[in-house]
Amino acid sequence: MAEALCGASFRGPAFLYLKPKTLDEAVSLLALPGGQILAGGTDFYPALGERLPLGRVVDITALSEIRGISTESEHVRIGGLTTWSEVIRASLPRGFDALKAAAREIGSLQIQNRGTVAGNLCNASPAADGVPPLLALDAEVELASVAGRRRLPLTQFLAGNRKTVRHADEILSAVLVPRRMEHAASAFLKLGARRYLVISISVVAAVLQADDAGRVAEVHLAVGSCSATAQRLHELENDLGGLPAEPGIGASVRAEHLRSLSPIDDVRATADYRRDASLTLVQRALEACVGSH
Ligand SMILES: Cc1cc2nc3c(=O)[nH]c(=O)nc-3n(C[C@H](O)[C@H](O)[C@H](O)COP(=O)(O)OP(=O)(O)OC[C@H]3O[C@@H](n4cnc5c(N)ncnc54)[C@H](O)[C@@H]3O)c2cc1C
C-alpha cells in the first residue's frame, strides 16, 4: 500500500503525499488526474520556490524495480530512478565515458546522490547535462502507465524548452541505450562561467567508432544549451565519415556545421559566444575521442 500523508499550509489548499512501493501501484495512482511525480526533488522543489505543491504528489523513490543499470542483449537499461552517483559507480564500457563525465559534472555530490537520470530528461531543460551524451548514444526512453509500456527515441521524447511528449499518467521507467556503439570512444565537455556547480553555457558529447583501417566508421555529436532542446549535428557526422580517426580531425569542423543550433543571449553568455564556444568544444571533443587530448 502507498503511504499517504495530507499536508496543508495555513493559507493554501491541501496536498496529498503518496509513496507507492511498486511500479503498478504508482501508475495506478497516476491514472487519476492531478498527480505529480517526485523523484530526487532536485528540480521539483527549486521549481516550486516558496510555494507548497498542489494536488497529489506521487513520490516514486521506493520503486526499487526501476533503479539500477543492467545489460540486456540489445541494450544497456538504465532504470528511471538511477541516480547520477549510480551512473558514475557503474561498470560500463567506454562508449559510456561521456555519460559518466556528464554525471560527474551535474551539480555537486549531494545533487548526484539524489538527482536521477529520468528527472533530468523529464525536466527537459535546454541545459540538462545528461541529454547530449544520451542523444549521442541514440538512447530511447521507456514510459510506463496502466495501459502498458511504450518506447520512443529520446529525440522524439524531448519536445522543446521544458516540454516532453510524456503523458501525465506515465512514468519514465528506463532509458535504453543500444549496445551497438558501446565500445566506441566517447567524450563530454561542458563550458560554464566557473568550474563547478554551474549551469552550462554550452555542452558537447561525442561518440566515435573507428574501423580497422583507423578511419571514422560512425560518429555522433550532440550539443546542449544552444537551442530549446539539445541537437545532433547530422551534417557534420556525415562529413566526418571515412576521415582518418587521428589527431587533427577537429580541423574538419566548420562554423556552418553548427548552423542548426539557435543559441540565445542570456545572463550566462551571448548567442555569438555560445556559437564560438560550441565550435571549439566540438573540435576538442573529437580530438579527445581520437586520443589527442
Ligand atoms: C544545486 C543544483 C545544481 C544542479 N546542477 C545541475 C547541473 O550541473 N546539470 C544538470 O543537468 N542539472 C543540474 N541540476 C538539476 C537536477 O539536479 C537534475 O536535472 C536531476 O537529474 C533531476 O533529477 P531528480 O530526480 O531530482 O528530478 P525531480 O526534481 O524529482 O523531478 C524533475 C521533473 O521530472 C519529473 N520526473 C522525475 N522523475 C520522473 C520519472 N521517472 N518519470 C516521469 N517524470 C519524472 C518530475 O515530475 C519533475 O517534473 C541541479 C540542481 C540543483 C538543485
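Residues are numbered from 1 along each chain as its sequence is written. Because the model is predicted, local features need pLDDT of at least 70 and side-chain atom pairs count only at pLDDT 80 or more, while totals for chains, interfaces and linings use all residues, and side-chain values use heavy atoms, with hydrogens and water left out.

With a relative accessible area of 6%, E142 is buried, a word that stands for under 20% relative accessible area, whereas exposed means over 50% and partly exposed lies in between (1.4 Å probe, protein chains only). The side chain of E142 makes a polar contact of 3.1 Å with the side chain of R77 and another, of 2.7 Å, with the side chain of S173. A polar contact is a pair of N or O atoms within 3.5 Å; within protein, one must be able to donate a hydrogen and the other to accept it, and residues adjacent in sequence count only if both atoms are side-chain atoms. Beyond its neighbours within four places in sequence, E142 is in contact with residues including R149, I171 and L176, where contact means heavy atoms within 4.5 Å.

Turning to the ligand, I37, T42, D43, F44 and T116 come nearest among the 30 residues around it, a residue being near if one of its heavy atoms lies within 4 Å.

| Residue and its atom | Ligand atom | Distance |
|---|---|---|
| G107, backbone N or O | oxygen | 3.0 Å |
| N120, side-chain N or O | oxygen | 2.9 Å |
| D129, polar side-chain atom | nitrogen | 2.8 Å |

Of the 980 Å² of accessible area that the ligand has on its own, the protein covers 84%, as computed by the Shrake-Rupley method with a 1.4 Å probe. Strand β3 (35-38), helix α6 (117-123) and strand β11 (171-178) each supply at least two residues of this shell, and α6 gives the most, with five residues.

Helix α10 (residues 271-289) has 19 residues and reaches 27 Å from its first C-alpha to its last, close to the 27 Å expected at 1.5 Å a residue, the expected span being 1.5 Å times one less than the number of residues. Among the buried residues of α10 are R274, L281 and E287, and what covers the buried residues of this helix includes β12 (185-191) and α9 (234-240). Just after α10, G291 takes a positive phi of about 85°.

Conventions. Helices (H or I, at least four residues) and strands (E, at least two) are DSSP runs, numbered from the N terminus.
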